[in-house]
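Please read it alongside the sequence and the coordinates.

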Amino acid sequence: MASNGGFQNSGYNNDRPPSSTGSGDADVATDPASSSFFMNDYKKHDDLKQMLDTNKDNLKLEAMKRIIGMVAKGKDASDLFPAVVKNVVSKNLEVKKLVYVYLTRYAEEQQDLALLSISTFQRALKDPNQLIRASALRVLSSIRVPVIVPIMMLSIKESCNDMSPYVRKTAAHAIPKLFSLDPELKDQLIEVIEKLLADKTTLVAGSAIQAFEEVCPERIDLIHKNYRKLCNLLVDVEEWGQVVIINMLTRYARTQFVNPNRDDMIEEESEKAFYGSDEDEEKEDKEEEEDDKPKKKPYVMDPDHRLLLRNCKPLLNSRNAAVVMAVAQLYYHCAPRAEVGMVAKSLIRLLRSHKEVQYIVLSNIATMSVKRKGMFEPFLKSFYVHSTDPTHVKLLKLEILTNLGTETSISTIIREFQTYITSTDKEFAAATIQAIGRCASTIPEITDTCLNGLVRLMSNRDETVVAESVVVIKKLLQMQSTDSVSQPQEHKDIIVHMAKMAQDITVPMARASILWMIGEYSDRVPKIAPDVLRQCAKNFINEEDIVKLQILNLAAKLCITNSKQTKLLCQYVFNLAKYDQNYDIRDRARFLRQLIIPGEKAGAFAKYAKKMFLATKPAPVLESKFKDRDQFQLATLSHVLNTKATGYREIPDFPEVAPDPTVRNVEVPTAWVADTNLLAQKKKKKGGKVKPAKKKSFYSDEESEEDEDEEEEEDSSDETDSSEEDSSEEEEESEEEEDEEDEKPKKKSKKVEDEEDEESSEEVDSSEEEESSEEEDEEEESSDEEPQPKAKSTKAKTGATSNAAMLLDLDFGSTVANPAAVGKSDFLMPVLAQDMSSLSLGGDTGGSTTVTAPSFIPTKTYELLNRITGGGLSITYRFTRTVSIFSEKMASVELTLTNSSDKPVLNVKIGDKKLQSGMEIFDFPEIGNLGVGATVTATMGINFADTTQPATFDVCTQEKKFSVTVKAPVGEQIQPVNMAENEFDKQQGKLSGMNENSGTVDMATENTDIKTISRRVYEVANVVQVPSMQDNTYKFAGKTLSAGALVLISVKLDGRKAALKVNCEKMVIGSMLLKDLKDSMTKKD
Amino acid sequence: MIHSLFIINNAGDVFMEKHWKSVINRSICDYFFEVQSKAATPEDVPPVISTPHHYLINIYRSQLHLVAVVTTEVPPLFVIEFLHRVMDTFEDYFGDSSEATIKEQYVVVYELLDEMLDNGFPLAMEANILKELIKPSNILRTIANTMTGKSNVSGTLPTGQLSNIPWRRTGVKYTNNEAYFDIIEEVDAIVDKSGSTVAAEIQGRVDATVKLSGMPDLTLTFMNPRLLDDLSFHPCVRFKRWEAERVISFVPPDGSFRLMSYHIGTQNLVAIPVYLRHNISFREGSGGRFDVSVGPKQTMGKTVENVSLEVPFPKSVLNVTLTPNVGKYTFDPVNKIMVWEIGRIDPTKLPNIRGSISLQSGAPIPESNPTISVNFTINQMAISGLKVNRLDMYGEKYKPFKGVKYITKAGKFQVRT
């Protein structure tokens, strides 16, 4: 097949018209690999091509069906590639689908031609039909052509923001495909994965985790934030996703929680180590609180750990065996010992499934039963062997039965074994005898019974049975004699019996065992042993090698103990062995001779021959083959194979001390505000379920009214409100955090929009409807603490001495005035909100950001009215970058009016306005009297409607009218927004193409530090820096005042070069801003 | 996860291959053939085979080996379950999953395989969703399609894929609304020589065929739900309600599906519906005697039907000459298996078969007697005593036709002699 493929590549890559296949035929004929059938096939291809070239859909379909038939049979159809690829644009869905199937199969071999189809997929990615988008992405990502890697990356990035969860699922599947094609992209892909992990739909969850497992399983930190969400969604995820998620969470649990069984193991120690000493106490305080554990109790399970176990339990009733097994292994590896037992029943149920399932389940049970006998004891009879079971199943059942044997149950087990010995399946019968041996060795009570039984088996007609019994008896005797040296005469009759059989048994292993035994216990049968040796010596040359070695051993041992009778025999045997064909035997003979029959040059060792040969040997240990299997995680391929499979990840040991559990709290304010924003938007989209802002939350009506005046200033009290909100939210996530909260002074300042007030009340409403049991628990917990948070939030606020320090007093007042603000329902809110949001569908996240305070306020002023033209009245203006009190869409413009004339100017106000459509001006209050030499400032609001058009209006005094224009640089029409980096990247990914403006600037070396860069950016635009993980990349975010379109700026430094990128939906703003930024960056200080 | 799939028939012919990632040459199957040649029967092929670079996970069903190739660590049950689900889907689509059917329907098979997995990870496995994506072909539709130029492939995403009940398609309409439930119980038992039960358990399942319009919400209650303590549900069943109220509440998929299956373990007392009286002996030289009779017991007055016995004789047996008083028997001289088809047991005339066994000359007499597998069906009875109390429907106005059927069958019912 390979050679055919090669030849066709050479023949057809040139896109030769199908008619001129003459030379191709000749090639085929000379190709030795192509038989005559291929000739026929080849001619067939010709008519297939014709069919594909017609414009009749049914002919095309017929042709495609036949081609798929070839693909399915594994016949080479790659020469049809050019003809097929053309049909990728076909309107007929089935043709298209089959073309897709064909493409994914052959694109790798015909990379150049495959590129022809790419544009079709790119177009399809924009199709309004989600199925078409998804299948386009599927095929695009399945075409393993390295050239299109960038396109794939782009498509994946786009698709993971798609509205349709189905498309996002496909995007998740595409990630590992791309990763396998180009592992260099890992970092970028991790970002995408992070985004998908945060997805709230059950459809995406499984696939996202699968992508995570394939690309970056080591980045367990990405899971923290999604952990609770995953646990809660688990039941609703499709079964295949459940398996993957549970496996991942098992690993997660092993790294993040402490061993639930550690009390059993190190109770004393842990007491001391963790809670004993006073010095430690303080250090442990935090952790203890976090774990929510009362001090007396040594171990209380982390609530998150419990959450996982509890949410997985119903899945034991899944119809999917893989899910049940996944839960079983989770319990085995992560649950307290007492709870593991309940998985047994479900595993037993699986035993009735297909035989393949049975095999896997049994091998897992075998491992479990080594350590946890009790678990499966009640189900002993379920492991009884049916004669129709496949051999491998029988052997596993036998193994389990042996493992489960105890003093009480052993008699029934042995009775059952007895019927197995007669099985026609000899492999199984032999294994049964070994199993009996193991039972006998582990349960001393039955050893004698077993021995007797085995001796009886030696008279069995079947040779394998006899041989196996001999071997097992040998082992048992050896063990017994080591145990009880005091009774040398024990089992003499057995040995005698076996010695008698020595000549009748032909199975080499059994013969060897008997000989070894006689040699070892020759003192018990002093009369018989030499005779056995005599008989063996007679037949020495005809024996198997393994038997010969034992004859030599026997001879040596007898010679030591009874040299009078056997020395000659011994010499005879040694001589025979000297000329044996096998060098091992020759070697052994030479070695033994030196020790046993020392010549003149006898070595010093000869004296010790007796000690060497007749030392007590350690007894072999009969143990389960599955004893060490639990080093592998259950339910894995490695476990079944008992070797490490490629890509197997060790199951980590529990940590001694649990890592910080607070990482799982979803408390990053931006994150959850973003989520709720999302939720609100979603709700709005769904038909305006949003209720009119019932001011039920912290923001009571009175408060906001009261505050209104202050708000006019700059950072309004909303800001502190928001920090209050933050702190209280976090507190009720888990009270343990409070201490930490206090320590961390809150630096976050936020402007919360009215919209959010709406949302927060909305959250309360909606979340009340959907309280899951988990949340109820939290509610109980938190309600106990009810009075506390009030104080705490106040405390937290004390910490919140940021740029709003002067508003603190007022804030205190408002909190105290609104005790309801920390009422129970509010108190619960954020957790619920977060859970709610985790349930909602992810979607477009246009404004999932919060407006924040400007990082920099420019002092640059512009002239509005010249002193000369204004007749002594001069006006300058500047942009204060605060949110206008008049409307959030307006930029605040601060006017400074100076009267430099010699008489007062009266009644200064705004007159006629000549504005572009969409623009608005909010007048400053009329200034009644501007005295001589006086300077007054006034603030007005202008909505520039995101254009660079100037606002023209008249400034009137009592006497005159001056027409003035205010022009706002684009940077001033932006307000800063807080967003997380991943959000930034996501949005940036969306605003690509036309919406992206980029450029490079050379900068002075001294200007390349972050401070200068951010200062320069801030001078130009009212944005805020986004904390970024990447080195040398600075990111800034804002949104336009009027339309709220996101403005994203990123500066990537490379030495003195800085790559600037501005992403904005408004292309004009983007390009203008880029120009301004370039100017600013390059200018000299 | 799953890299490739090869479907191999009993003759060792790889007649279908499908790759979800890069192509793996079918020579990988040689490893499989090697293991297969060592196995005594196709069932004995171990499900997991390790090769230097790949792992082959295979199932044997409908005389076909499905060999999945994986390259990295994966839960083996995941793959096995998937392969069985693939076969289930074929059976659902085409009625059976034999080699002939698959070859005949290769286009649909291939489309299905393509739709089921993406990059080796299941994408759409629900029967209802698949059926909307790729319509099962039947004669009527084939004709209609050729006339109208439509195809079996759907152009829109099935609504189920996005809903929270992915198993049910929307817009279902029937003129006759009906819901049938079959309660099928299989008895697994091992009976020893003396006729006492060594182990017995019941594996039960409730298979439903629901053809109801709209979005019905059904509730099935049992008279004695306490019997069920270990069970698995179709994803449509609301587990919380079962836990709390012991009722099965669900929005059913459209068509046939397995609602639940349950297991009644060895701890419980299981009634054994038939007994065997047997006398099998081998004697040196003359061969042996064979005498078996079957009788009903604990059947609650129901007749035992479709009874058949399968006796795998030892390899040294040459032939058997038997005379049954009811039914007829066949002996396969290659596999040495004797099958006696009895049919219905008439309690007044107990079925009996007797005759002589001839052994190969010179062969030693077998040391053990064969283990007899028994098959039977009992209609109108669930051996565990499970009974449906009522079926209620909510959410739709019409009155559906409801039916419940009970069947008890033999599972692995073996009598040691």
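## Chain B

Within chain B, 67% of the contacts (heavy atoms within 4.5 Å) with a separation of 6 or more are between residues 24 or more positions apart. This is a predicted model, in which local features need pLDDT of at least 70 and side-chain atom pairs count only at pLDDT 80 or more, while totals for chains, interfaces and linings use all residues. Residues are numbered from 1 along each chain as its sequence is written, chains are lettered from A and ligands numbered from 1 in the order in which they are written, and side-chain values use heavy atoms, with hydrogens and water left out.

The secondary structure of chain B consists of eight helices and 23 strands, taken as DSSP runs (H or I, at least four residues, for helices; E, at least two, for strands) and numbered from the N terminus. Of the 417 residues in chain B, 57% are buried, a term that stands for under 20% relative accessible area, with exposed meaning over 50% and partly exposed in between (1.4 Å probe, protein chains only). The accessible surface of chain B, about 17300 Å², belongs to carbon and sulfur atoms for 51%; such areas come from the Shrake-Rupley method with a 1.4 Å probe, and for residues only the protein chains shown count as cover.

## The interface of chains A and B

The size of an interface is often given as the accessible area lost when the parts come together. Between chain A and chain B the buried area is about 8100 Å², with 57% given by carbon and sulfur atoms, where buried area is the accessible area (1.4 Å probe) that two parts lose on being put together, summed over both. A:Trp240, A:Arg319 and A:Arg352 supply 11% of the area that chain A buries against chain B, more than any other three residues. In terms of contacts, 93 residues of chain A touch 93 residues of chain B.

Between chain A and chain B there are 13 salt bridges, each defined as a side-chain nitrogen of Lys or Arg within 4 Å of a carboxyl oxygen of Asp or Glu. One of the residues named above, A:Arg319, meets B:Glu126 in a salt bridge at 3.1 Å, N to O.

Side chains of opposite charge can pair when their charged atoms come close. Over all chains the count comes to 63 salt bridges. In one of them, B:Glu115 pairs with A:Lys97, with the closest N and O atoms 2.4 Å apart. This pair crosses between chains, from helix α4 (residues 106–116) of chain B to helix α6 (residues 93–106) of chain A. B:Glu115 is buried at a relative accessible area of 4%, and A:Lys97 is buried at 13%. Both residues belong to a network of salt bridges that also links A:Arg138, A:Lys177, B:Lys18, B:Asp114 and B:Asp118.

Within chain A, A:Arg881 forms a salt bridge with A:Glu972, the closest N and O atoms being 3.1 Å apart. The partners lie 91 residues apart, A:Arg881 in strand β3 (residues 873–883) and A:Glu972 in the loop between β10 (961–966) and β11 (974–978). A:Arg881 counts as buried at 6% relative accessibility, as does A:Glu972 at 7%. Another salt bridge joins A:Asp985 and A:Lys1035 at 2.8 Å, N to O, linking helix α45 (residues 981–990) with strand β14 (residues 1033–1040) of chain A, 50 residues apart. A:Asp985 is buried at 14% relative accessibility, and A:Lys1035 is buried at 3%.
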